[in-house]
Amino acid sequence: MLQRVLIVDDSTMARMLIRRCVEIAGWPDVTFHEASNGKEALTLLGNEQVDLVLTDLNMPEMDGEQLLNVLRKDDKYSNLPLVVITSAGNAPKEEQLRQTGATAILAKPISPAVMATTLESIFGATDGM
Amino acid sequence: MGCDQNRRCAALSSALSQSLETLAFVEIMPLGEDAPPEAELIELHPRNEVFWASIPLVRPASGGLTVVLSRELAAMLTDQIYGFLEEEPTESMLLDAVAELANVISGQFMNNFLEGSSSFELGVPFKGTSSKDSNVDPGGTAIERLDYAVEGHKLTVLLVGDGLEA
């Protein structure tokens, strides 16, 4: 069940776009939390429970790959779905991220259709679409 | 301004059109070819203030990709991409949108240039405004410069760096 999503991206506009994609993808009523880098995301995760993390890769302070590594080494978050949304993705990078524990990797620019397919594969179909 | 046999130029040109067509549903035309000459375009839409964003290329090549465009074009593209915004975007939001666009173009370019054969790393964007094009510093001598017409406005992409042999 998808109810709370954490979006991690240093770009305010990218966060807005990702948020909109999730809503259009069939989850208009989820609660969104936002962080602008991995460090902020970890702080937020300490205070809020989330069902999904959508994270960019290139961010200051702590990037998406470092965030993924930290979360997968922590028993509390080892099974938390984490989707990487990046403009720096290609086959070798995706393979590396999957091995580190990314649930899925989406290429920027993202579309609501791709977001819908990805979220349905993780959480099952929604009635909201 | 055709790319002829230049693989790097072709990768950049293709990245630009892929990104803008997918994100903003706009077509781009190389200046001086299908589009009107630069002088005519600038007369139509002067670039009194330009917005720019640079994305560092970290690995395997080192350098940067800079996108330069007018405030008007930045506002138009932002409206196209983020049409759901309920309020007029601020200057900071416009710059953020230009940086995100530059980020997507950079990713597409590296993917095209490397032909998906190896992973690459981009850096965190930096961005700003300037009174004119010549004040924008792309971080070195441009090895590639592409000027395009987008909906009657000029958009420039500058590429600097090593390890990006054409």
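A salt bridge, as the term is used here, is a side-chain nitrogen of Lys or Arg within 4 Å of a carboxyl oxygen of Asp or Glu. What I present this morning is a predicted model, in which local features need pLDDT of at least 70 and side-chain atom pairs count only at pLDDT 80 or more, while totals for chains, interfaces and linings use all residues; side-chain values use heavy atoms, with hydrogens and water left out. Residues are numbered from 1 along each chain as its sequence is written, with chains lettered from A and ligands numbered from 1 in the order in which they are written.

I begin with chain B. Its secondary structure comprises four helices and seven strands, where helices (H or I, at least four residues) and strands (E, at least two) are DSSP runs numbered from the N terminus. Read from the N terminus, the order of elements in chain B is α-β-α-β-β-α-α-β-β-β-β. Of the 166 residues in chain B, 52% are buried; buried means under 20% relative accessible area, exposed means over 50%, and partly exposed lies in between, with a 1.4 Å probe and protein chains only. Taking contacts in chain B between residues at least 6 apart in sequence, 70% join residues at least 24 apart, a contact being heavy atoms within 4.5 Å. Chain B has an accessible surface of about 7300 Å², and carbon and sulfur atoms hold 47% of that surface; the areas come from the Shrake-Rupley method with a 1.4 Å probe, and for residues only the protein chains shown count as cover.

I turn to the charged pairs. Side chains of opposite charge can pair when their charged atoms come close. Over all chains, the search finds 16 salt bridges. One of them joins A:Arg19 and A:Glu34, at 3.1 Å from N to O. This pair links distant parts of the chain, with A:Arg19 in helix α1 (residues 12-24) of chain A and A:Glu34 in strand β2 (residues 31-35) of chain A, 15 residues apart. A:Arg19 is partly exposed at 32% relative accessibility, and A:Glu34 is partly exposed at 30%.

In chain B, the side chains of B:Glu144 and B:Arg8 form a salt bridge at 2.6 Å, N to O.

B:Asp96 lies in helix α4 (residues 91-114) of chain B and B:Lys127 in strand β5 (residues 126-130) of chain B, so the pair ties together parts 31 residues apart in sequence. B:Asp96 is buried at 5% relative accessible area, whereas B:Lys127 is partly exposed at 39%. Salt bridges with shared partners also join A:Asp9, A:Asp56, A:Lys108 and B:Glu100 into one network.

Next come the open spaces. On a 1 Å grid over the protein atoms alone, a cavity is a set of points where a 1.4 Å probe fits but cannot get out, and a pocket is an open set with protein on both sides within 12 Å along at least five of seven lines; lining residues have an atom within 4 Å of a point. Grid points are joined across faces, edges and corners, and a volume is the space filled by probe spheres set on the points.

The largest pocket has a volume of about 270 Å³. It is lined by 14 residues, and those closest to its centre are A:Leu17, A:Ile110, A:Pro112, B:Leu23 and B:Ile81. Which element gives the most to this lining? It is α1(A), with four residues.

Finally, the structure holds two cavities of 30 Å³ or more. The largest cavity has a volume of about 80 Å³, and the residues that line it include A:Leu17, A:Lys108, B:Leu23 and B:Glu100. The second largest cavity holds about 50 Å³. Helix α3(B) provides the largest share of its lining, five residues.
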